Amino acid sequence: MPDYSSYLLTVLTGLFFGFVVSIPVGPINISIVNEGARRGFAWAFLIGLGATIMEVIYCAIAFAGFTQMFDSRWIKATMELVSFLLMLFLGVKYLLARSLPSTTRSIETVEHRLHPHTAFWTGFVRCLCNPGVLLFWITFSATFISHEWMDNTWRSKAACVGGAALGCFLWFTLLSYLVSRGHGKFSTNTLLRMSHVSGACMLVLAIVIGVRLVRLLMHH
C-alpha cells in the first residue's frame, strides 16, 4: 500500500501555487468583482468554478505532456533557469501593476463566437482564452520536479493537480464571498493591492530559485 503521507508536500505545493497564481489582476478576477457586486455570491462563485476547471485542465495537460522532457539533466537545468526568469518577470509585473485588464482581444474574439450566457461558461471561456496559463504550469512543473516538490510519477502529478485545483477554488470562492458581502466596498483597487502581494510572493520564490541556481553553479 502506498504511503500517501509522502504526497503531502506535493499537495501543499500545488495548493500554494494554485492560490497565488489566481490572485493577480486579470479578466477572471475583474469579472468576479463586477458581477459579484451586481448579482451576488452564486453568480460570482460559478464564474470562479468555470475558471478553476479550465485552469486544472491546463495544469493536467502541462504535467502529463511535458514533464517527461525533464529526464535530461541539461533540460532540467534550462527549465529551472526559465522558471527563475519567469518568476522574476511575473513578480515585477504584478508588483508594479497599475492597470486592470478586464478583457483581452482573444477573449473578445472567442466570446463573440461562443456567446457564453451563463456564469460558469463565462469563467471557463475567459480562462481558456489565456494560453499563458498553460505556459505557467509547464514552467512550474519543471520547478516542482527540480526542487523535488513533485515526483515524475502519475500519482505525484495527480496529487499536485488536486492541490492546484483546491488552491484556485479557494481563492475564487473567497473572492466571491468577499465581493458579495462587501456590497460594493470591495473594489478593483483592493484587488490590485492583492495583486501586489502576489507579485511580492513571486519575487520571494524567484530569489529562492536563484539561490539554488547559484549553489548548483558553484558546485559544478
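1. In this predicted model, ring pairs join Phe16, Phe17, Phe63, Trp137 and Phe144 into a cluster. The structure as a whole contains 10 aromatic pairs.

2. Phe17 is classed as buried because its relative accessibility is 4%.

3. Phe63 and Trp137 also form an edge-to-face pair, at 6.2 Å centre to centre and with 85° between the planes. This pair links distant parts of the chain: Phe63 belongs to helix α3 and Trp137 to helix α7, 74 residues apart. Both Phe63 and Trp137 are buried.

4. The largest nonpolar core comprises 45 residues, and those with the most contacts inside it are Phe63, Met87, Trp137, Phe140 and Phe144. At least two residues of this core come from each of α1, α2, α3, α4, α6, α7, α8 and α9. In soluble globular proteins, nonpolar side chains tend to be buried together.

5. Apart from neighbours within four places in sequence, Phe140 is in contact with Phe17, Val21 and Met87.

6. The charged end of Arg39 sits over the ring of Trp43, 4.1 Å from the ring centre. Lys157 lies over the face of Trp154, at 4.8 Å from the centre of the ring.

Definitions and conventions: Residues numbered from 1 in each chain as written. Predicted model: local features only at pLDDT ≥ 70, side-chain atom pairs only at ≥ 80, totals over all residues. Heavy atoms only, no water. Core = buried A, V, L, I, M, F, W, Y, C linked by side-chain atoms within 4.5 Å. Buried < 20%, exposed > 50% of the residue type's maximum accessible area, 1.4 Å probe, protein only. Helix = DSSP H or I, 4+ residues; strand = E, 2+ residues; numbered from the N terminus. Contact = heavy atoms within 4.5 Å. Phe/Tyr/Trp six-rings, centres within 6.5 Å; stacked < 30°, edge-to-face > 60°. Lys NZ or Arg CZ within 6 Å of the ring centre and 35° of its normal.
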